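Here's a quick tour of a protein model for someone just starting out. Have the structure open and follow along.

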Amino acid sequence: MSFQRASGVLLHPTSLPSKFGIGDLGESAYKFVDFLANSAQKLWQILPLGPTGYEHSPYTMNFSAFAGNPLMISLEHLQEEGLLTPQELIPQEEVTDNPHRVDFDAVIPRKTKILYSAYQRFQESLLKTANPEFEKFCQEQATWLDDYVLFMALLEANDYQAWNFWDNPLARREPDALNQKADELKDRVSYHKFLQFKFFQQWKKIRDYANNKDIKIVGDISIYVCHNSADVWANPEIFQLDSQTLSPAYIAGVPPDYFSATGQLWGNPVYDWDKLEQTNFAWWIERFRATLQYVDIVRIDHFRGFEAYWRVPAGEETAINGEWIKGPDAKFFETLGSTLGSLPVMAEDLGIITPEVEELRDQFDFPGMRILQFAFGAEADNAYLPHNYIQNCVVYPGTHDNDTTIGWWNQAGEKEKHHVAKYLGYSSPAQIKEINWEFIRMALSSVADLAILSVQDLLDLDSSGRMNDPSVNAGNWRWRYESTNQLTPELSQRLLEITQLYNR
C-alpha cells in the first residue's frame, strides 16, 4: 500500500535517556513523542522490541519474535503502581561510565533484581484480588506466551545453554517432561508472564499517546529468528535443522556486499518454507498479527529473502560459500493479505536486489527504501539519488546499519564529496557546513512519500553516535542520547520549519 506524504524519526527505545543505564518506556519516551509532535513528525520508527541475548542485537539474537524486552520496562511507572518503593529506586546514579552507551553487563543484573521485587509485590496483590487485565492478557497471548515463559524458565535453569543441549526430553518437548519442569519452575514461569504483561501494558500506553498525537509507530519484523529462541524450540519443524542434533543445518546471511567483502553470516536458522506453506504460513501469520497489535506500519527487514534467500552450510566461517534458494515469493503475501487484509508494509529492499525482488515488491505496492549515503560517487542513474525516486518509497539519510551522516562524511572519499557538493549546488565540499542538515533537506524535499531521519543526525553527531556496524560483531546496539534536554525547542522549531516547507 502507498502512504500519505510524511516524515518521522528513527530511534530505538533503548537509546532513550534514563536514570537506569538503558532507555525505557518512562518519561523520556513521552517527551520524545512530544518532540515529534511539536516538530510536525508523523512517524516514530523503532527496531524489533524482543528480548535480546548474545551481543543484544534486536535482529539476530532475540529469545522470541513475539515477546517484549523487559529491560525497556519503566521502573518509575512500576513505582507509581505501588509495585516498587522509592527507596528501591535509590541510588539513581548511572551504572555506566559512558552515559551515551548501554553497559548491558551492569544494567541487566541490577534491573532484573528490581523487576523481581516488583513481581513479588504483584504476586502478593493477586493473593488478595484477582487482576482481570492480567488474566485477559495471558489468555489472548497464549499462542506464544506459554511457550515463551517456559522456555525462559528452562533457559535460566540450564545456565542459558542453547535448548538443543538440554536434556533430550525437554529439547524434544516431551509432554511429561515439560509438565514436570513447568511445575518445578512455576515461580519463574509466573515471573516471565508478569514481565510480558507489564511490558505490553506500558508499550500500549506510549503507542496510544503517540497515536493520539497523530504519530504512527513503524516497527520492524526481522525475517529471521535466533536458533536459541522459544520460536525454534517450540516449532522446530518449520526450520531447517539437523534431525539428530537439532542445531541448524544451514544458517542465514548475505553474500559479499557494500558492508562486508566476505558477506554477512548471521547465524540464524533458515526456514523450511515447504513445511510452512503446508500450514498456510500459520506461524508467520500469527507473527504479523501479533506485531500489528503494537505497531501501525511494519517494515520487513531483508525483504528480498522472501523471493530468494542466501543459505550457508552450518560450520562455514564466512558467508561466501552459500547459495541462493527460492523463497515463498508471492504465495506468502497473498496468503497474508487474504487473512489479515490490507498490509501496512514497508520493504527493506537493500543489498543484492534482482528484477524478481522488485517485481515482488511492486506486485503488492510495498514502498522500498532509498539511502542517501549510497547515492554518491557513481553515475547519474544511481537509484539512490533523489532525482530518480518514485513517490512510493521511503528515503533515509542513513539507517541503523549506517554511520551517522557526519561520520559518513568524515570518511567519504574525495570523489563522493565532490559529487555531493556538485549535486547540492556548491563549488567545493569545503563550502558545506552542515552535511547532516543538507541530507535532511534532501530527504524531506524529495518526492518520496515517506522520509525517516535519525536522532543522531538531528543532534549533529559523528561516528560516536553509530548504532550498528554490520561488519563488526561486538559492541553494537548500545548508543543512546544523554538527556531529553538535547531535544531543544530550537531544534524542534528548525525541524518543524523544514518539514512544513516541504509539505510533510
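Strand β7 (residues 308-313) pairs with β8 in the antiparallel sense, over four bridges. Two strands count as paired if DSSP finds at least two bridges between them, and both helices (H or I, at least four residues) and strands (E, at least two) are DSSP runs, numbered from the N terminus. Keep in mind that this is a predicted model: local features need pLDDT of at least 70, side-chain atom pairs count only at pLDDT 80 or more, and totals for chains, interfaces and linings use all residues. Residues are numbered from 1 along each chain as its sequence is written, and side-chain values use heavy atoms, with hydrogens and water left out.

**The sheet**

- R311 stands opposite E323 in β8.
- Zoom out and you get an open sheet of four strands, in the order β5-β4-β7-β8, with antiparallel pairing.
- The edges belong to β5 (264-269) and β8 (323-326): each has a single partner strand, so one side of each has no neighbour in the sheet.
- On average, neighbouring strands of this sheet are turned by 45° against each other, direction ignored (axes are lines fitted to C-alpha atoms, for helices over the stretch in contact, and angles run from 0 to 180 degrees between N-to-C directions).

**Helix α4**

- In α4 (residues 132-140), F134, F137 and C138 are buried (buried means under 20% relative accessible area, exposed over 50%, partly exposed in between, with a 1.4 Å probe and protein chains only).
- These three cover an arc of only 95° around the axis, so they sit on the same side of α4; the arc is that of the directions from the helix axis to the C-beta atoms.
- Why does that work? An α-helix has 3.6 residues a turn, so residues three or four places apart point the same way.
- P132 and Q139, on the other side of α4, are exposed.
- The cover over the buried residues of α4 includes α3 (104-128), α5 (142-157) and α8 (186-212).

**W273**

- You'll find W273 in helix α10 (residues 273-278), and it counts as buried because its relative accessibility is 8%.
- Not counting residues up to four places away in sequence, W273 touches F281, W284, F306, Y309, P328 and F332 (contact means heavy atoms within 4.5 Å).
- W273 and P328 are 55 residues apart in sequence, yet 6.4 Å apart in space, C-alpha to C-alpha.

**N468**

- N468 is in the loop between α17 (455-458) and α18 (489-501).
- Its relative accessible area is 6%, so N468 is buried.
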